[in-house]
Each structure stands twice: as structure tokens, then as C-alpha cells.
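Work through the exercises below with the sequence and the model open. Each task is followed by a solution in steps.

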Amino acid sequence: LQTIGSGTASVFRNGLMRSGTWKKTSANDPTTVYDAAGQKIPFAEGQVWYVVIGANRGGRVLFE
């Protein structure tokens, strides 16, 4: 999967889901996630876990 560039994102935090986009300009830059309004989504200090799901390969997320 491509990890440099940008794409769609679903952020799950505090029992809520926010749709937006991710962006990573180079291997040395951090991945930044933005909400639908283009505002950076802040993350708490410490470890952040990313799960990459290839939607074009039949993957999907169901949030209830």
C-alpha cells in the first residue's frame, strides 16, 4: 500500500468516528490527519496506532 501521499481517513477516538484525509509528504515526515473541514485532527501524546485497509482490495470498516 502507498504510505507517502494522501488519501481518505476514518479516525476513531473517544467512541466517535470522524471522516477526513491523511497526508504524508516524505518518509521522514509524520502522517497528518485532517477532518472534513480541513482542520488538523489532534492526537493525544504517546503512541498512535494506524490501521491501513485497502478499500480498493475489498476492505471496509463498519462502525456501529
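**Exercise 1: the salt bridge**

Task: find how many salt bridges the rule gives, and which side chains meet.

Solution. The count comes to one salt bridge, taking as a salt bridge a side-chain nitrogen of Lys or Arg within 4 Å of a carboxyl oxygen of Asp or Glu. The side chains that meet are those of Arg18 and Asp35, at 3.3 Å from N to O. This pair links distant parts of the chain, with Arg18 in strand E2 and Asp35 in strand E3, 17 residues apart. Side chains of opposite charge can pair when their charged atoms come close.

The model is predicted: local features need pLDDT of at least 70, side-chain atom pairs count only at pLDDT 80 or more, and totals for chains, interfaces and linings use all residues. Residues are numbered from 1 along each chain as its sequence is written, and side-chain values use heavy atoms, with hydrogens and water left out.

**Exercise 2: burial of the two partners**

Task: is Arg18 buried, partly exposed or exposed, and what is Asp35?

Solution. The cut-offs are under 20% relative accessible area for buried and over 50% for exposed, with partly exposed in between (1.4 Å probe, protein chains only). Arg18 counts as partly exposed because its relative accessibility is 36%. Asp35 is at 17%, so Asp35 counts as buried.

**Exercise 3: the sheet**

Task: give the strand order and the pairing sense of the sheet.

Solution. Strands are DSSP runs (E, at least two residues), numbered from the N terminus, and two strands pair if DSSP finds at least two bridges between them. The open sheet has three strands in the order E1-E2-E3, with antiparallel pairing. Strand E1 (5-13) and strand E3 (32-35) are the edge strands, each pairing on one side only.

Next, take the pairs in turn. E1 and strand E2 (residues 16-24) are joined by nine bridges. Within this pair, Gly7 stands opposite Trp22, and Val11 has Arg18 as its bridge partner. E1 and E2 form a hairpin with two residues between them, and Asn14 in the turn has a positive phi of about 55°. E2 and E3 are joined by four bridges, with Lys23 opposite Thr32.

**Exercise 4: the nonpolar core**

Task: which residues make up the largest nonpolar core, and what does Ile41 touch?

Solution. A nonpolar core is a set of buried Ala, Val, Leu, Ile, Met, Phe, Trp, Tyr and Cys residues joined through side-chain atoms within 4.5 Å. The largest has five residues: Ala9, Val11, Trp22, Val33 and Ile41. Not counting residues up to four places away in sequence, Ile41 touches Val11, Arg18, Val33, Tyr34 and Asp35, where contact means heavy atoms within 4.5 Å.
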